[in-house]
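Subject: Structure handover

Hello,

Here is the structure for your files. My notes on it follow below the display.

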Amino acid sequence: MNYTNEMLEECGFTTAQKILSGKWSMLIIMYLSEKTMRFNEIQRFFPDITHATLTKQLRILEGYGIVVRNVYSQIPPKVEYSLSDIGKKLKPILNSVMDWGEEYKEIKMVQRD
């Protein structure tokens with residue numbers, strides 16, 4: 001999946017929603033915001049995700065220009081994933097989303113008591 005001309009015509013909120021809508025997208029971006037990682041390193045953070053699903057999510061994020069895939073020509077082959085410059089700009093936004101989620105959970109727990 002690549003960034004399309006159709007997305008350029010949509011509002012910014014809709015574009016952001018499409019990019020971040022994958023089940024694992026936000027978490028992958030958060031982990032990659034900490035450091036460049038190899039595939040197996042990323043997969044260790046997600047014990048419930050299949051190899052195929054993680055590959056698909058990384059390819060989608062790469063297609064959007066959020067994730068950069070660096071392939072090193074060596075034996076054995078080495079592939080690393082990192083955030084692009086525009087991908088790095090998502091970190092404070094995702095931190096705010098996480099903070100909101102924590103606050104929401106606290107409010108709902110108080111309401112249940």
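This is a predicted model: local features need pLDDT of at least 70, side-chain atom pairs count only at pLDDT 80 or more; totals for chains, interfaces and linings use all residues.

Overall layout

The protein chain has seven helices and three strands. Read from the N terminus, the order of elements is α-α-α-β-α-α-β-β-α-α. Along the principal axes, the C-alpha atoms fill a box of roughly 60 × 35 × 25 Å. Of the 113 residues in the protein chain, 30% are buried.

The three strands make an open sheet in the order 1-3-2, and the pairing is antiparallel. Strand 1 (37-38) and strand 2 are the edge strands, each pairing on one side only. Strands of a sheet pair through backbone hydrogen bonds, either parallel or antiparallel.

Strand 1 is joined to strand 3 by two bridges, in the antiparallel sense. R38 has E80 of strand 3 as its bridge partner. Between strand 2 and strand 3 there are six bridges, again with the strands running antiparallel. Here R69 has Y81 of strand 3 as its bridge partner.

Strand 2 and strand 3 also form a hairpin, with five residues between them. P76 lies in the loop that links strand 2 (67-72) to strand 3. The peptide bond that joins I75 and P76 is cis, with omega at about -5 degrees. As background, most peptide bonds are trans.

The core

The largest nonpolar core has 24 residues, and the members that touch the most others are I28, I29, L32, I42, L58, I66 and Y81. At least two residues of this core come from each of helix 2 (12-20), helix 3 (25-34), helix 4 (39-44), helix 5 (51-63), strand 3 (78-83) and helix 7 (90-112). In soluble globular proteins, nonpolar side chains tend to be buried together.

Which residues does I42 touch, not counting those up to four places away in sequence? They are L32, M37, L54, L58 and Y81. Among these, L32, L58 and Y81 are also on the list of core members that touch the most others. Y81 is the residue already mentioned as the bridge partner of R69.

S25 is found in helix 3. Is S25 buried or exposed? S25 has a relative accessible area of 1%, so this residue counts as buried. Leaving aside neighbours within four places in sequence, S25 is in contact with I19, L20, Q57 and L61.

P92 is found in helix 7. Its relative accessibility is 49%, and therefore P92 counts as partly exposed; the cut-off for exposed is over 50%. The C-alpha atoms of P92 and M30 are separated by 9.7 Å, with the two residues 62 apart along the chain.

The largest pocket

The largest pocket has a volume of about 190 Å³. Its lining consists of G22, K23, M26, L27, M30, L94, V97 and M98. Helix 3 and helix 7 each supply at least two residues of that lining. By class, the lining has six nonpolar residues, one polar and one charged. M30, named above for its separation from P92, is one of the lining residues.

In brief

Regards

Note on methods: Residues are numbered from 1 along each chain as its sequence is written. Side-chain values use heavy atoms; hydrogens and water are left out. A nonpolar core is a set of buried Ala, Val, Leu, Ile, Met, Phe, Trp, Tyr and Cys residues joined through side-chain atoms within 4.5 Å. Buried means under 20% relative accessible area, exposed over 50%, partly exposed in between (1.4 Å probe, protein chains only). Helices (H or I, at least four residues) and strands (E, at least two) are DSSP runs, numbered from the N terminus. Contact means heavy atoms within 4.5 Å. On a 1 Å grid over the protein atoms alone, a cavity is a set of points where a 1.4 Å probe fits but cannot get out, and a pocket is an open set with protein on both sides within 12 Å along at least five of seven lines; lining residues have an atom within 4 Å of a point. Grid points are joined across faces, edges and corners, and a volume is the space filled by probe spheres set on the points. Ala, Val, Leu, Ile, Met, Phe, Trp, Tyr, Cys and Pro count as nonpolar, Asp, Glu, Lys and Arg as charged, and the others, Gly among them, as polar. Two strands pair if DSSP finds at least two bridges between them.
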